[in-house]
There are 2 protein chains.
Amino acid sequence: MGRWKPDARGRLTLGALELFAERGYEQTTAAEIAERAGVTERTFFRHFPDKREVLFMGAKHLQDRVVAAITAAPASMPPIDVVGVAMESAAELLEEDRDYARQRWAVIAATPSLRERELLKMASLSAACAEALRARGVAELPAGLAAETGVTIFKLSFERWVSDEPSGTFTECIRDALAQLKGMTAGA
Amino acid sequence: MGRWKPDARGRLTLGALELFAERGYEQTTAAEIAERAGVTERTFFRHFPDKREVLFMGAKHLQDRVVAAITAAPASMPPIDVVGVAMESAAELLEEDRDYARQRWAVIAATPSLRERELLKMASLSAACAEALRARGVAELPAGLAAETGVTIFKLSFERWVSDEPSGTFTECIRDALAQLKGMTAGA
C-alpha cells in the first residue's frame, strides 16, 4: 500500500491510523475517520464494514498470496522451504510500505481486542497453509508442523522488521529466522 | 484430573462438560451447572468466576508447570529440547485423564468464542516459554522460535492424542512430532 493514496479508500486508511494513534482505537468512530479523510460516513461504509476491518481487510489478500505461493512451489521442494518461500512472498507485499505496517502494528499491539483478532488471522493463515500443503500431498502432521512453523517465522520476523532497529528487510528477516530454526533443530 | 471427583469442584466440572456437550456451551448457564452438580449457584461462584473458567482455570497450572520445567532443565540442553521436555511435562499432567481432555476439547472445538480463548491461552503459554528461555540466557529470536515451536508441537500432538485413533500417549505424540520437525528441518 503506497503511503500517499489520493483515493477515498487510501485516505480512510491513513485517517484511521492517524486517529487510532492519536486517540486510541476504542475511542475512534467511523464518522470521525470519514471526517478526517474528507469523505462522508456513507463512503466509509462503502469501503469497510466497520473500523476494525480498516486494519484487517488486507489479511485475506495476504493469505491468498501465501496459499498461491505454496501451490506454485516446485513439487520437489521440501515443505519447510515451501512455507519459507511463501512467507517471503507475503513479506514482499508488506515491504511495499513499512510505515503503514509499523503504524498498523503499533495500533494492534496497544489494543487487546485487536491483538486477539490478529491471533485469529494468524490461526486462519496457518490452517490455509496446512490445507495447501496437504493438497501437495504432504501428510497431516508434517503439513501442520510446516504451516505453524511458517506462521511462527512470519510473526517473529515481522516483529523484528517493524522494530526500531530492524536487522534487514522483512524478506531478509524471514530467511534469517528460518536459517536459525534449521540450525536449532539440526544441532539438537 | 480424576474422572470421578466426589468434591463440589469436580462435580461442577463434570456437570459443566455434560451440559456443554448436551445443550451447547452458549446455551448452558452457571445455575444449570450448579443444579446438575447438586450444589447451589453460590457454590458454583465460590469455585469459578464464570462458566468459561470451568474450562480454562487449569491453563495457569499447566503454564506454571511448563515454565518450571524450562527453568529446571540442564543448562547444557539445547533450547529446542528444553521446550520438548517442558511440553512432555505438560502432557503428563493431561494424560491423567484423557476422557476429560477429550470432552473439554470437543466443547472448545464446537464453540468459536472458546476457540479464541484457547488461542489466547496458547499465545500466553508461548510468551511465558520465551521469557523462561531468555532467563536461561537464550537470545531473543531463538527463544521466540523455540517457544513457538514448543507450543506448535504441544497443540498438534494434543489433537492427535484426543483423536479417535491416537497413535500413542500424549508424551509419545510429542516426541514423535518433535522428531518429525527435526527431520523436516534437518533434511532441508
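Q: Is A:Cys173 buried or exposed, and what is its relative accessible area?
A: In this predicted model, the burial class of a residue follows from its relative accessible area, with anything under 20% counted as buried. A:Cys173 falls under that cut-off and is therefore buried, its relative accessible area being 1%.

Q: Which cysteine sulfur is nearest to that of B:Cys173?
A: A disulfide would need two cysteine sulfur atoms within 2.5 Å, and the search of the whole structure finds zero disulfides over all chains. B:Cys173, which counts as buried at 1% relative accessibility, is accordingly in no disulfide. The nearest cysteine sulfur lies 19 Å away and is that of B:Cys129.

Q: How are the rings of A:Trp161 and A:Phe170 arranged, stacked or edge-to-face?
A: Over all chains there are 16 aromatic pairs. For A:Trp161 and A:Phe170 the ring centres are 4.9 Å apart, and the planes meet at 10°. Both residues are buried. Since planes under 30 degrees apart count as stacked, this pair is stacked.

Q: Which residues do ring pairs link into a cluster in chain A?
A: The cluster takes in A:Trp161 and A:Phe170, whose rings form a stacked pair.

Q: What is the arrangement of the rings of B:Phe44 and B:Phe45?
A: B:Phe44 counts as buried at 0% relative accessibility, whereas B:Phe45, at 42%, counts as partly exposed. Their ring centres are 5.0 Å apart and their planes stand at 80°, so the pair is edge-to-face.

Q: Over the ring of which residue does the charged end of B:Lys51 sit?
A: The charged end of B:Arg117 sits over the ring of B:Phe56, 5.7 Å from its centre. For B:Lys51 the distance from the ring centre is 4.4 Å, and the ring is that of B:Tyr25.

Q: What rotation superposes chain B on chain A?
A: Two copies of a chain are related by a rotation about an axis and a shift along it. Here the shift along the axis is 0.0 Å and the RMSD is 0.0 Å, with a rotation of 180°. The two copies are thus related as by a two-fold rotation axis, and the rotation asked for is 180°.

Conventions
Residues are numbered from 1 along each chain as its sequence is written. Chains are lettered from A and ligands numbered from 1 in the order in which they are written. This is a predicted model: local features need pLDDT of at least 70, side-chain atom pairs count only at pLDDT 80 or more; totals for chains, interfaces and linings use all residues. Side-chain values use heavy atoms; hydrogens and water are left out. Copies are superposed by least squares on the C-alpha atoms of residues with pLDDT of at least 70 in both. Rings of Phe, Tyr and Trp (its six-membered ring) pair if their centres lie within 6.5 Å; planes under 30 degrees apart count as stacked, over 60 as edge-to-face and the rest as tilted. Buried means under 20% relative accessible area, exposed over 50%, partly exposed in between (1.4 Å probe, protein chains only). A charge sits over a ring if NZ of Lys or CZ of Arg is within 6 Å of the ring centre and within 35 degrees of the ring normal.
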